[in-house]
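Here are some questions and answers about what lies inside one protein chain. Look over the sequence and the model before reading on.

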Amino acid sequence: MTAMTQAPEMFREAVAALQAVRPRPEMTLESVRAPQRLAPWAYALSCEVTGPADVPATGRLVLLHDPEGPEAWNGVLRMVIYVRAEIDRELATDPFLPAVGWSWLTDALETSGASWTALGGTVTETSSARFGDIAGPARTDDLELRASWTPADEHLRPHGDAFLQLMSSVAGLPPVGVTLFGSRQGS
């Protein structure tokens with residue numbers, strides 16, 4: 001008997017809903033090993049996407065389930081995300097970038113129809129300079145978004161869709177059906 005067949009029914013249904021999410025062609029979505037110490041039951045998805053300017057974005061969506069319902073969660077399920085993307089230097093100096101990054105998440109949750117409570121997180125901008133014999137560009141700028149929230153129920157398909165919408169925004173992908181001029185996506 002596998003661990004999944006021993007899992008509570010609510011958790012199995014939640015995992016099935018996340019597995020039903022379908023990414024855009026520009027995205028690679030796969031199940032990965034979930035953190036083991038955060039909750040009795042956990043499931044994780046990893047997403048990689050390359051935007052129109054060949055700028056990579058990576059993300060992880062983790063579903064946690066604790067039948068005891070930790071007080072801070074305000075429920076028995078918890079969604080956790082970590083998203084990282086390279087950004088151009090001009091965008092990295094924009095003082096509104098953290099607020100915009102956060103709005104990408106909240107907008108994605110709202111437009112996907114997800115219901116949630118207890119949403120919190122951070123948006124971090126980092127700049128790195130390389131020196132000496134380290135390969136890569138001399139300077140890189142990154143955006144990291146970390147957040148968690150409690151779904152209102154185990155119907156998590158909208159939460160998975162929101163994660164993919166967030167990844168699209170972070171990577172700079174146009175809306176589905178829109179082709180950017182000069183983009184290889186349309187050629």
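Q: Which residues touch the most other members of the largest nonpolar core?
A: This is a predicted model. Its largest nonpolar core holds 41 residues. In soluble globular proteins, nonpolar side chains tend to be buried together. The members that touch the most others are Leu63 and Ile81.

Q: Which element gives the largest share of this core?
A: Two or more residues come from each of several elements, including helix H2 (9-19), strand S3 (56-65), strand S6 (139-151) and helix H5 (157-171). The largest share is 7 residues, and the element that gives it is H5.

Q: How far away from Arg78 is the nearest side chain of opposite charge?
A: Arg78 is found in strand S4 (residues 77-87). Arg78 is buried and has no salt bridge. A salt bridge would need a side-chain nitrogen within 4 Å of a carboxyl oxygen. The nearest side chain of opposite charge is that of Asp66, at 11 Å.

Q: With which side chain does the side chain of Arg78 make a polar contact?
A: Beyond four places in sequence, Arg78 touches residues that include Leu63, Trp73, Ala118 and Thr150. The side-chain partner, at 2.7 Å, is Thr150.

How values were computed
Residues are numbered from 1 along each chain as its sequence is written. This is a predicted model: local features need pLDDT of at least 70, side-chain atom pairs count only at pLDDT 80 or more; totals for chains, interfaces and linings use all residues. Side-chain values use heavy atoms; hydrogens and water are left out. Helices (H or I, at least four residues) and strands (E, at least two) are DSSP runs, numbered from the N terminus. Buried means under 20% relative accessible area, exposed over 50%, partly exposed in between (1.4 Å probe, protein chains only). Lys and Arg count as positive and Asp and Glu as negative; His and the chain ends are not counted. A polar contact is a pair of N or O atoms within 3.5 Å; within protein, one must be able to donate a hydrogen and the other to accept it, and residues adjacent in sequence count only if both atoms are side-chain atoms. Contact means heavy atoms within 4.5 Å. A nonpolar core is a set of buried Ala, Val, Leu, Ile, Met, Phe, Trp, Tyr and Cys residues joined through side-chain atoms within 4.5 Å.
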